Amino acid sequence: RTVYVNGEYLPETEAKVSIFDRGFLMADAVYEVTSVLDGKLIDFDGHAVRLKRSLDELEMAEPCSQQELLEIHRKLVDLNGIVAGLVYLQVTRGSDGDRDFVFPAADTPPSLVLFTQSKPSLADSPESKRGAKIISIEDIRWGRRDIKTVQLLYPSMGKMMAKKAGCDDAWMIEDGYVTEGTSNNAYFVKNGKIVTRPLSNDILHGITRKAVLRLAQEAQMEVEERLFTIDEAKTADEAFTTSASAFVMPVVEIDGATLGDGTPGPIARRLREIYLDEAR
Ligand code: PDD
């Protein structure tokens with residue numbers, strides 16, 4: 001695989017970042033995941049705009065222009081012959097060569113790393129046909145989940161808790177209300193109405209969420225953005241999640257309760273179809 005590191009395209013075994021990089025020592029880094037279908041990037045502009053916002057919120061310098069970022073994405077997709085899969089991008093604050101809680105001088109160059117992952121079955125994964133099983137766990141993450149940082153230890157542990165329980169993923173709960181999934185936004189459907197948590201600092205402002213809510217409204221589906229409990233989701237007609245890496249993923253079980261007939265619901269299936277149609 002060819003990867004990109006700070007201006008260079010290199011074989012992955014030759015790519016290097018300093019061990020003093022604050023991304024490595026302090027998770028002082030932000031990232032984006034853009035999916036690729038039929039060799040085309042999906043919603044690159046949305047991801048680039050969110051990246052800029054994450055960088056601004058953390059007073060981190062932009063590593064290069066949005067146009068340059070697009071060119072790097074395209075070149076990596078090309079060089080690695082990615083038909084379906086994703087491009088991972090990470091910007092870290094870099095380092096002045098020591099470990100220090102104080103940020104390095106503002107002119108310290110950030111590190112920019114990108115690599116691709118090929119996923120030939122991205123558009124028709126077995127999980128999307130079967131539907132995901134979800135457990136609920138407490139949300140103990142920090143308070144700025146709207147910034148896409150690489151602090152993914154707790155979400156990763158949540159995913160492991162789900163796996164140990166024979167499930168696929170976890171939804172997190174704070175103050176009695178569902179925030180989001182470990183790496184996706186969460187929704188349920190009751191009597192035809194789609195319900196999802198409103199945007200705030202408590203959740204990531206999903207790029208797929210924005211597209212799916214627009215498509216739902218265009219298809220005359222009813223959407224309500226409000227706080228909801230896991231009990232509401234458990235007794236819903238159907239549920240689903242959205243993310244760049246899984247698009248619209250139907251959910252068929254929550255904390256052991258089967259939703260509907262235990263197969264992907266009609267609204268989740270329809271939204272997945274409309275989303276993929278538009279993406280292609
Ligand atoms: N995760 N919420 C969280 C906590 C996420 O990590 C993600 C994305 C989303 C969905 O956002 P989007 O639709 O922009 O992908 C919501 C990426 C895919 C990941 O970590 O791999």
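Residues are numbered from 1 along each chain as its sequence is written. Because the model is predicted, local features need pLDDT of at least 70 and side-chain atom pairs count only at pLDDT 80 or more, while totals for chains, interfaces and linings use all residues.

The protein chain splits into domain 1 (2-122) and domain 2 (126-279), with bounds that come from an automatic or database domain assignment. Their centres, taken over C-alpha atoms, are 26 Å apart. Where the two meet, domain 1 puts in 20 residues and domain 2 puts in 12 residues; a contact here means that the C-beta atoms of two residues, placed from the backbone, lie within 7 Å. On the side of domain 1 that touches domain 2, the elements giving two or more residues are strand S3, helix H2 and strand S5 (85-92). Helices (H or I, at least four residues) and strands (E, at least two) are DSSP runs, numbered from the N terminus. S3 gives the most to this side, with 8 residues. By class, the residues on this side of domain 1 come out as 9 nonpolar, 7 polar and 4 charged. In that count, Ala, Val, Leu, Ile, Met, Phe, Trp, Tyr, Cys and Pro are nonpolar, Asp, Glu, Lys and Arg are charged, and the others, Gly among them, are polar.

The expected span is 1.5 Å times one less than the number of residues. His-47, Ala-48, Arg-50, Leu-51 and Ser-54 of H2 are buried. These buried residues line one face of the helix, because they fall within an arc of 165 degrees when seen down the axis of H2. The arc is that of the directions from the helix axis to the C-beta atoms. The packing partners of the buried residues of H2 are strand S3 (29-37), helix H3 (66-79) and helix H6 (207-218). Just after H2 comes Glu-59, with a positive phi of about 50 degrees.

Helix H8 (residues 266-279) also gets a look: its 14 residues reach 20 Å from first C-alpha to last, close to the 20 Å expected at 1.5 Å a residue. Buried in H8 are Ile-267, Ala-268, Leu-271 and Arg-272. They sit on the same side of H8, since they cover an arc of only 135 degrees around the axis. The face turned away from that buried side carries the exposed residues Glu-273 and Asp-277. Among the elements that the buried residues of H8 pack against are helix H4 (126-130), H6 and strand S14 (247-254).

H6 turns up again around the ligand. There, H6 and strand S13 (238-243) each supply at least two residues of the shell, and H6 gives the most, with 3 residues. Of the 14 residues around the ligand, Leu-204, Gly-206, Ile-207, Thr-208 and Ala-244 come nearest; a residue counts as near if its C-beta atom, placed from the backbone, lies within 6 Å of the molecule. The shell has 4 nonpolar, 8 polar and 2 charged residues.

Now for the loops. Pro-63, in the loop between H2 and H3, is buried, with 21 other C-beta atoms within 10 Å. Leaving aside neighbours within four places in sequence, Pro-63 is in contact with Val-91, Pro-110 and Leu-112. Thr-13, by contrast, is exposed, with 8 other C-beta atoms within 10 Å, and lies in the loop between strand S2 (8-11) and helix H1 (22-26).

Most residues other than glycine have a negative phi. Ala-27, in the loop between H1 and S3, has a positive phi of about 55 degrees although it is not a glycine. Ala-27 is partly exposed, with 14 other C-beta atoms within 10 Å. Asn-191, also not a glycine, has a positive phi of about 50 degrees and lies in the loop between S10 and S11. With 7 C-beta neighbours inside 10 Å, Asn-191 counts as exposed.

Technical notes. Buried ≥ 20, exposed ≤ 12 C-beta atoms within 10 Å, placed from the backbone.
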